[in-house]
Each structure stands twice: as C-alpha cells, then as structure tokens.
There are 2 protein chains.
Amino acid sequence: MELGPNSYDITVERGCLQRADALLNLDRRVLIVTDRGVPRQYAETLAARCKEPVVAVVAPGEGNKTMETVTGLCRTMLEHRFSRGDCVAAVGGGMVGDLAGFAAACFMRGVDFYNLPTTLLSQVDSSIGGKTGVNLDGVKNIVGAFWQPRGVLIDPDTLDTLPPRLWAEGMAEYVKMALTLDGELFAALQREDPRQDMTRTLERALGLKKNVVERDEREAGPRKLLNFGHTIGHGVESAAGGALYHGECVALGMLPMCSPAVRAQLRPVLERLGLPTSTGLDKQAVWEAMLHDKKSNSGGFSAVFVEEPGKGYVKNVSFAEMRAILEGAWQA
Amino acid sequence: MELGPNSYDITVERGCLQRADALLNLDRRVLIVTDRGVPRQYAETLAARCKEPVVAVVAPGEGNKTMETVTGLCRTMLEHRFSRGDCVAAVGGGMVGDLAGFAAACFMRGVDFYNLPTTLLSQVDSSIGGKTGVNLDGVKNIVGAFWQPRGVLIDPDTLDTLPPRLWAEGMAEYVKMALTLDGELFAALQREDPRQDMTRTLERALGLKKNVVERDEREAGPRKLLNFGHTIGHGVESAAGGALYHGECVALGMLPMCSPAVRAQLRPVLERLGLPTSTGLDKQAVWEAMLHDKKSNSGGFSAVFVEEPGKGYVKNVSFAEMRAILEGAWQA
C-alpha cells in the first residue's frame, strides 16, 4: 500500500501466519487482540513468534466494540509497561481489527499496528483501509481514527475454519467492490464461483481496495464508493438487532441502489453465494436507524448508486427520495 | 502554523474572542467545551457568535481528563446530531484543550477543532502543538491523538481574570522555551519582566513553539526539547497529588537538568516570577511516579539537558544516572 510515510506491505499467502516473525517486527512487546469467537490457535501461533506477547481476549460482537473495551486494552498495555516502540496486533474479524486498531491509534498517541484478519469479510474489506473505531449508543463506528497498519498478513488457510454464513458475508463485500469498481470482475462473478481459488480472489479484492485507498486515504472522494450498500445496509443491521450479519445487510443494502437491469444481474449472484435478497424487517424501523446513522446529514443522504456494473457513483438524495427507495426495496 | 494540509492561523490579539465569528467558521454546530473553573463569560461570548452552539461544561482538574469524559463529549455530539462538517471549540486551560481536542480527533474519526485558550499556560504552550489526550490510571496523557486545530484564538484580555499562581505556571513554560531554544530571550528574561507586555510575550512564545512544531509535527526530533523539565516535573506532579500546578512542577523539573552555571541563572528568574525552586516532596515517591510515566522506556530515560541557555539537547541516561540527578535536586 503506497501512502507516503504511511506505506505498508500486505502479504496474501497460505501459511503466512506461521512465519509472521519474518514478515513483521515482533521483537518487542506485542499486544495480541483476539476475541472468544476466533479459534484460539491463531493468536497462539502468533504469540509463539513474538518476543514479549501479551494476549487480550475480548468478548465477541459489535456490542463489545466500545470505548470501555478500548480503555481496557490501553490499560493492559499500561500494566505491561508498553512504550511507544511497542505494538498491537489484531487476530480475528473486523470487530477485533477496529478495536485493536483504535487502541493502537490512541495509546501514547499512536503505536504500530499489525492486522492479521482471519475472516473473509475482514480479509477482503476492512483489514487494509486504516479505518478504526468503536460504537457508541448504538451508532456504528462513530468514534475512531484513521490509523494505517504497519503490515497486514492475510493467510487464506485461516478460512478453513470459517462457518458458511461468514463465508457468504465476506463475499458480499467482494461483490460490492466488483459492482462499483470493476465491471469485468462482476461479469466473471456471474460466470464463476470466486471460492474456487481464494488466493486469487483475495488478491483481486485487495487490489481494488488498495487502489481506492491510495487515491483517497481519508475518504474525501472515490473511497466513498466503498460505502455502496451501506446506507440502507447499516439501517438493516441496526433494525435486525444482531440477527443478520454485516455482509448480509450489505447484500440487502445494495439491491435497492441498483438500476432495475443491474439488480436483475445482481440477484442471482447473491443467491448463489448464499446471501439474502429480501427481508421482512419493518421498513420504518430500518428508516429510523438510517436517520440515526452517521452518514446522514442535514441536507439528506450522500449515497452510492450503480446503473452500470463497475461504475458506481455518489449522489446526494433528499430524505424523501431515500425513503421512497427504501419503500420500494426487496420486491420480487 | 505551516503544516501542509494541516496548516492553520494563530491569532494573538486583544479582544479577538469578541469577533471569533470573523476569524473562525462558526456557521455550523459548535460543541463549546469549557470547565467549571473557567469564567463562564468566555464560553458565552463564543456561543453568542455561533450558529448552533452546544455548551458542555466539564468538571475541572486532571482527575476528570479521562476516557469517560471524552465519551461523554462524543455522546453530546451524537445527541445533537453533529455531522463530519461540524466542529468542537475548547474555551479554557490545557485540560479543556486536551479533552476537547481528543474528542474532536475521534468523533466520526475527526472533526474540526478550534482552540481558544484562556490561561497563560495553555496560551504559551499547549494550544498550538496538536497534542491531545487523557489520563489513565494516574498516567498523564497516555491515551490521545495528534490532532491539529483548524484555528487558534489567543486573547490576552482573558488573562485579566487569571489568579497569580496560574500566571506563574504559564511563565514557567515560557522560561522553558527560552532556556532550551533562545538564549537571547533567556537573557532578556534575566533583565525584564515579561508580564509588562503580554501581547509581545505571547507572540515570542508562540513563535518559538511554532517553529519547533513545524519542523517536527509528530515529536520525532527537535520537538522533544519542549519536554525540558517534564521528566522529573511529571514525577513531581504525580507525587504532589494536585498540591502543585503543572508549571510549578516544570519549574522544579528544570533546575536539576541544568549545569550548575545555568542553574544559578535560572533560580532568580523563577523566584521573581513566583515559582518554586525547591520542594520537600519524598524523592522516592517522585522516582516511582517517574518510572510509571510514559517517557520511561526499557533502556532508561531520554531527557533534555541545558548547559548553555538556548541550547537544550536530548540525551539518553540510565535509570541509575537519572536517580542520581533526582537525588541531588533542589539543593541550595
């Protein structure tokens, strides 16, 4: 990833977790953050390669992605006498990466951060963008920092332990990137199963994300395209109260933002990947959650639309227009 | 302040608080953070010039400079539906600036921050460096961010309400800058009372600080000189448990880091400004607080020394050497 002084390497390689000490500087104190839902073996594999590992196991779930948990991680570093030259490493999904990354961003005003995502969702999407954060009062990622990792290790072998629904939700973000950024890739998705060659799929996804982040580290421009599906998706996620996974909500959030022709192409792709294409959730509840969401602003919504695969664009729409889009969503 | 995309204006001018709306963009939601110890009139003056002001009054003192208080400020912004285009303004001393600045740094991963310091200490020292942060478990500023303000207003008229001890502690930081960075200014301090012309004194202090921060925004090099007096000073501050002000502790912390000849010049300057030059605090308690402090690292201390006025330098010293320096401190 080329970001001037914030540049770093992303390694996509089977078994790279086993040789993390050759790829990262682990010859110091390393706070390894993982959660109880992540197979313990991954954190242990990493810890065995660190000079002074400290493993922090947090409770899983977005409900624990809070300022209190970040404070607890900082306290753990303080107790173990971490200095500015020490570092934090996340081993797990996006929740662990967001939390650990934010703790790294603010402990001593910033220490090195390594991301070792072990879920497909975090591998394709959240591991390399530098966005960190926690939730507050039910609003997702409302408090956080832009803090780039010093290195990212993506080991496709960790997907061997991933349950089917977590596979599916990762694929939703992959479809999102194809649909907004790369028409050819979306065409390939209509023909082939991306799960056949995961190293290639991960490389493609990361290549797209890398390109966008390099052009727009702080999300002032093109990076906003990666919010495709997230305007309604976040509302769905809040309204579902944990019953739907993030990627499933993104799948549901993408459909209403497509032109009818694109939607007709998208639906079978999502179905084949095991993703939902309709929901019985109360639309008023979704709407209220959307209004509460941080992407809303006084003038309406800034949202991403797709009328031609590979060519997402940002458009400002009024509250009334967005309400109408939601009202028409998920019809057969 | 020239910091590329992070550049901003610093206004030093009598009465500038009265015309803040001409100098800052207040035509939006503005979270005005102040504390109960700050004369209420200053926050009210600013609020009267904002389109949508929200005033948050926090409890004063370092004990309230916590993650919990920052979380509360973020919650207030959330309740008032702040968006990324809104901003935070600090009105008060360094504690308010540190807190408000950190809340601005992390709300929505960063919103605009304005600093309107009303104490001499914050005007000469903490208002323009971009360091924000909170305390955790008794360790000062251990969690925070580098987040530059978008504008700084320094109104010398606010010093009219400042109690004498707060005057003195501000002067301690001024002496610190002269002693480490500007030998001529230190010579002037030996001849003249800097309180005679406060606009000029503030301009001189800010000029020095600005120059150092511009060369070293993230404190990788020359900016470390501004930590002069803070290695022992922070230990004194912790050990004193609130009985001494920050600047008084810096005064005490500078003396042992000077050569005997410089110390002999420094002592009468401090005395004339109403600052302490000795303390009966238990040195073992000071030492333990120093070890607990964030500037310590496994190899000893990186500390600033002065052997010639205007030429501070950073030197690594062992634990034993620093313990000996502390042991010999404050002898007549």
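## The sheet of chain A

In chain A, 6 strands make an open sheet, ordered S1-S8-S5-S4-S2-S3, with parallel pairing. Strands S1 (9–12) and S3 (52–58) of chain A form the edges, each pairing on one side only. Direction ignored, neighbouring strands of this sheet are turned by 15° against each other on average. The model is predicted: local features need pLDDT of at least 70, side-chain atom pairs count only at pLDDT 80 or more, and totals for chains, interfaces and linings use all residues. Side-chain values use heavy atoms, with hydrogens and water left out, residues are numbered from 1 along each chain as its sequence is written, and chains are lettered from A and ligands numbered from 1 in the order in which they are written.

Some terms first. Helices (H or I, at least four residues) and strands (E, at least two) are DSSP runs, numbered from the N terminus. Two strands pair if DSSP finds at least two bridges between them. Strand S2 (residues 29–35) of chain A pairs with S3(A) in the parallel sense over 7 bridges. Arg29(A) stands opposite Glu52(A) in S3(A). In a regular strand, side chains alternate between the two faces of the sheet.

Helix H8 (residues 198–215) of chain A lies across S1 and strand S8 (151–154) of chain A. H8(A) runs at about 160° to S1(A). Axes here are lines fitted to C-alpha atoms, for helices over the stretch in contact (heavy atoms within 4.5 Å). Angles run from 0 to 180 degrees between N-to-C directions.

## The sheet of chain B

Chain B has an open sheet of 6 strands in the order S1-S8-S5-S4-S2-S3, again with parallel pairing. Its edge strands are S1 (9–12) and S3 (52–58) of chain B, and each pairs on one side only.

Strand S5 (residues 112–117) and strand S8 (residues 151–154) of chain B pair in the parallel sense over 2 bridges. Asn115(B) stands opposite Val152(B) in S8(B). Two helices pack on this sheet. Helix H4 (residues 94–106) of chain B touches strands S2 (29–35), S3, S4 (87–92) and S5 of chain B. The direction of H4(B) makes about 175° with that of S4(B). Helix H8 (residues 198–215) of chain B touches S1 and S8 of chain B, and its direction makes about 160° with that of S1(B).

## A hairpin in chain B

Strands S10 (residues 300–306) and S11 (residues 312–317) of chain B pair in the antiparallel sense over 6 bridges. Ser302(B) stands opposite Asn316(B) in S11(B). The hairpin of S10(B) and S11(B) has 5 residues between the strands. Gly310(B) in this hairpin takes a positive phi near 90°.

## How the copies relate

Two copies of a chain are related by a rotation about an axis and a shift along it. Here, a rotation of 180° with 0.0 Å of shift along its axis superposes chain B on chain A, with an RMSD of 0.0 Å. That is the relation of a two-fold axis. In chain B, the C-alpha nearest the axis belongs to Met67(B), 3.8 Å from it. The superposition is by least squares on the C-alpha atoms of residues with pLDDT of at least 70 in both copies.

Of the interface residues of chain B, 100% are also interface residues in chain A, so the copies meet through the same surface.

## Cavities

The search of the whole structure finds 4 cavities of 30 Å³ or more. A cavity is a set of points, on a 1 Å grid over the protein atoms alone, where a 1.4 Å probe fits but cannot get out; lining residues have an atom within 4 Å of a point. Grid points are joined across faces, edges and corners, and a volume is the space filled by probe spheres set on the points.

The largest cavity holds about 90 Å³ of space. It is lined by 15 residues, and the closest to its centre are Gly97(B), Phe113(B), Asn115(B), Ser126(B) and Lys131(B). H4, S5, helix H5 (120–126) and strand S6 (131–136) of chain B each supply at least two residues of this lining. The lining of the largest cavity divides into 4 nonpolar, 9 polar and 2 charged residues. Ala, Val, Leu, Ile, Met, Phe, Trp, Tyr, Cys and Pro count as nonpolar, Asp, Glu, Lys and Arg as charged, and the others, Gly among them, as polar.

Methods. On a 1 Å grid over the protein atoms alone, a cavity is a set of points where a 1.4 Å probe fits but cannot get out, and a pocket is an open set with protein on both sides within 12 Å along at least five of seven lines; lining residues have an atom within 4 Å of a point.
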